[in-house]
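Here is a short report on one structure.

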Amino acid sequence: MVHDYATTNGTSKRCLALPTTKTVDVSSVSDLFEFICSGPLVDKIGITPQRVGQSIDKWLLYGSQLCRLFQLNELKLTIPQKARLYHYYIPVFIWCEDQIALHNSKFKDGDDVPPLVIGFSAPQGCGKTTLVFALDYLFKTTKKKSATISIDDFYLTAQGQAELREKNPGNALLEYRGNSGSHDLQLSVETLEALTKLTKEGIKMKVPRYDKSAYSGRGDRADSSTWPEVEGPLTVILFEGWMLGFKPLPADVVKAVDPQLEIVNKNLEAYYDAWDKYIDAWVVIKIQDPSYVYRWRLQAEIAMRQAGKAGMSDEEVNDFVSRYLPAYKAYLPTLYAEGPSGSDPDRVLAIDIDEERNPILAN
């Protein structure tokens with residue numbers, strides 16, 4: 001989890017909130033080598049001990065850069081911090097680098113190479129935004145231009161959301177933003193099309209952003225004057241969202257989960273052409289129990305309240321998460337069994353995480 005905090009000069013920095021238990025000295029390269037090789041992702045992404053040994057300087061560099069990003073003491077990392085960097089963020093970054101190399105190999109010298117689009121499908125609260133934040137930083141430090149987008153950026157405007165609510169009276173799953181039907185798919189197509197054409201120096205565009213705090217938390221699209229600008233040539237686009245890769249299911253299947261899902265399932269039919277077809281490679285973060293989302297969201301809201309910020313009550317958190325759980329229960333089994341909609345199995349990295357958001361070996 002990332003927290004913002006104010007510095008003495010008034011700027012804002014970020015720190016990685018991880019348990020601070022026993023500290024470990026990572027200055028020993030041999031110890032670090034053994035630690036990296038013991039990670040749950042190394043075999044899955046083809047990182048052999050030999051490859052780790054040959055690139056240990058790169059691991060050290062990436063670790064140092066992430067420590068700087070998250071304000072950590074790289075010589076005195078706790079075991080959870082060390083695992084988060086060397087068993088999770090850096091292995092995923094190396095996998096992304098491999099996917100970029102594979103993508104680029106398909107083009108000839110002199111070709112306009114479109115950026116690789118990597119999709120991150122992961123439930124709310126599991127740390128995907130922090131993962132993407134870390135990857136984006138590493139890409140920038142390795143002189144690769146990247147852009148980050150979220151499915152949140154494509155929510156309907158406040159007016160559009162109100163119209164959706166009026167068209168679906170009594171359906172709690174479409175009362176607020178979140179489920180399929182609450183996104184501006186035309187905006188997502190226009191954005192993804194434009195981003196994938198940023199192949200030359202000097203070509204710029206603004207990327208949509210959403211303001212979740214608007215209208216007392218109901219949310220609205222942020223004013224375009226505040227949207228961040230990206231410039232080509234882009235190497236990679238990191239696209240994250242809780243329902244990326246979900247596939248429509250037979251009506252009787254979703255109805256058995258929750259009758260209100262029927263219209264949501266129908267809406268989902270348009271999402272492949274608006275989102276998933278643009279994604280070349282996938283990271284799927286898998287959880288063992290969708291109820292984890294409730295606990296994670298509750299933790300985040302409690303932390304906000306303790307920091308003196310406006311946060312949802314426990315009852316409001318329960319109500320909020322309840323609007324997403326039917327979709328998780330309906331669509332996650334197929335996502336985990338078959339992979340994201342339209343994906344190449346050889347270009348999907350599935351990461352099982354535990355209730356503490358740490359990678360684990362799959363059962």
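Glutamate 97 is buried, at a relative accessible area of 13% (buried means under 20%, exposed over 50%, partly exposed in between, with a 1.4 Å probe and protein chains only). The residue belongs to helix α4. Beyond its neighbours within four places in sequence, glutamate 97 is in contact with Lys58, Tyr62 and Lys144 (contact means heavy atoms within 4.5 Å).

The model is predicted: local features need pLDDT of at least 70, side-chain atom pairs count only at pLDDT 80 or more, and totals for chains, interfaces and linings use all residues. Residues are numbered from 1 along each chain as its sequence is written, and side-chain values use heavy atoms, without hydrogens and water.

Next, the helices. Two packed helices are described by the angle between their axes and the distance between the axes. Helices (H or I, at least four residues) and strands (E, at least two) are DSSP runs numbered from the N terminus. Axes are lines fitted to C-alpha atoms, for helices over the stretch in contact, and angles run from 0 to 180 degrees between N-to-C directions.

| Helix pair | Axes come within | Crossing angle |
|---|---|---|
| α3 (residues 56–69) and α4 (residues 79–104) | 11 Å | roughly 115° |
| α1 (residues 29–37) and α4 | 9 Å | roughly 70° |

Which residues make the contact of α3 and α4? From α3 come Lys58, Trp59, Tyr62, Gly63, Leu66 and Cys67. From α4 come Leu85, Tyr86, Tyr89, Ile90, Pro91, Phe93, Ile94 and Glu97. By class, this contact has eleven nonpolar, one polar and two charged residues (Ala, Val, Leu, Ile, Met, Phe, Trp, Tyr, Cys and Pro count as nonpolar, Asp, Glu, Lys and Arg as charged, the others, Gly among them, as polar).

On the α1 side, Leu32, Phe35 and Ile36 meet Lys82, Ala83, Tyr86 and His87 of α4. The residues divide into five nonpolar, one polar and one charged.

Now a loop. Alanine 222 sits between β9 (220–221) and β10 (229–231). Its relative accessibility is 15%, so alanine 222 counts as buried. Leaving out residues up to four places away in sequence, alanine 222 touches Arg209, Tyr210, Asp211 and Trp227. Its C-alpha atom is separated by 8.9 Å from that of aspartate 153, 69 residues apart along the chain.
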